[in-house]
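Take a slow walk through a protein fold. Keep the sequence and the model side by side as you read.

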Amino acid sequence: MYNVLNLDSDGVIYDLTGQLARMDGYSYMRYWFDQAHIRGMSYNDYFTERMNEQIPNGLFYKGNALHDAEHLLEHLVLIKLKYNIKLNLLTAAPHDSPLFEEVKRQKLDWYKKVGYDTFFDELIVTNGSWGKLDYSHEKSILIDDHIGSQRRFNEKELPFILHRSAKDSIHQLEKILPL
């Protein structure tokens, strides 16, 4: 039986890509994504460049939750109560970066500002997405939207749900921990 549910933030609860696009002056994310191609950059390089530039401007503090985030959180709290398991936020900050402490502060402050901190037993900021493995074991489940995390968890045979939407994650979780 599982005793911990770990939940990623960016792309699951927090609208990071939408916030980056807005801070860069784009009201449509498609136009923001197009800039990577126009500049001849890979999406990952473009994303990292834009993120590093916008972190000092409050990237992780000024944004919004995804439209279905609260629905997911409410469902996870019901599971937490039914199965008496811990619900943790498990979010990454840039690995070995001078921006780590700033990102950590912004993320934790945003969760407190919007009141989502009350859903969780712990708010954990890891050193890069690899750091999530340090908080995972065979009795924990990570819900995360990052395909790289999924590969790492699959390699170690750790429980993982690839997040695409609240509805989909809830559906996948119902197969494991039904309400």
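Predicted model: local features only at pLDDT ≥ 70, side-chain atom pairs only at ≥ 80, totals over all residues.

Residues are numbered from 1 along each chain as its sequence is written, and side-chain values use heavy atoms, with hydrogens and water left out.

Begin with the sheet. It is open and has 5 strands, in the order β3-β2-β1-β4-β5, with parallel pairing. Helices (H or I, at least four residues) and strands (E, at least two) are DSSP runs, numbered from the N terminus. Two strands pair if DSSP finds at least two bridges between them. The edge strands are β3 (122-127) and β5 (160-162), and each of these pairs on one side only. From one strand to the next, the twist averages 25°. Angles here run from 0 to 180 degrees between N-to-C directions, and axes are lines fitted to C-alpha atoms, for helices over the stretch in contact.

Now go strand by strand. Strand β1 (residues 4-7) pairs with β2 in the parallel sense, over 4 bridges. Look for Asn6: its bridge partner in β2 is Asn88. Strand β1 also runs parallel to β4, and 4 bridges join the two. There, Val4 has Ser140 of β4 as its bridge partner. Strands β2 and β3 run parallel too, joined by 6 bridges. Leu89 stands opposite Leu123 in β3.

What covers β1, on one face or both? Both faces are covered: Val4 and Asn6 on one side are buried, and so are Leu5 and Leu7 on the other. Buried means under 20% relative accessible area, exposed means over 50%, and partly exposed lies in between (1.4 Å probe, protein chains only). In a regular strand the side chains alternate between the two faces of the sheet.

Next come the helices. Helix α5 (residues 100-114) holds Lys107. Together, β2, α5 and β3 make a right-handed β-α-β unit. A crossover is right-handed if, with the strands pointing away from the viewer, the path from the first strand over the helix to the second runs clockwise.

Now find the nonpolar cores. A nonpolar core is a set of buried Ala, Val, Leu, Ile, Met, Phe, Trp, Tyr and Cys residues joined through side-chain atoms within 4.5 Å. The largest one has 43 residues, and those with the most contacts inside it are Leu5, Leu7, Ile13 and Leu173. Helix α4 (residues 69-83) gives the most to this core, with 6 residues. Apart from it lies another core, of 8 residues, among them Ile124, Phe153, Leu158 and Leu162. Contact means heavy atoms within 4.5 Å. Not counting residues up to four places away in sequence, Ile13 touches several residues, including Leu7, Leu72, Trp110 and Tyr116.

Leu90 sits in strand β2 (residues 86-93). Is Leu90 buried or exposed? Its relative accessibility is 0%, so Leu90 counts as buried. Leaving aside neighbours within four places in sequence, the contacts of Leu90 include Asn6, Leu7, Ile124 and Thr126. Leu90 and Thr126 are 36 residues apart along the chain, yet their C-alpha atoms are separated by 7.0 Å.

Return to Lys107. With 3% relative accessibility, Lys107 counts as buried. Its side chain reaches the backbone oxygen of Ala92 at 2.4 Å. Leaving aside neighbours within four places in sequence, Lys107 is in contact with Asp10, Phe60, Thr91 and Ala92.

Finish in the loops. Asn84 lies in the loop between α4 and β2. Its phi is near 50°, a positive value in a residue other than glycine. Asn84 has 69% relative accessibility, so this residue counts as exposed. Asp96 is in the loop between β2 and α5. Asp96 is not a glycine, although its phi is positive, at about 45°. Its relative accessible area is 61%, so Asp96 is exposed.

Key. Polar contact = N/O pair within 3.5 Å; in protein donor to acceptor, adjacent residues only side chain to side chain.
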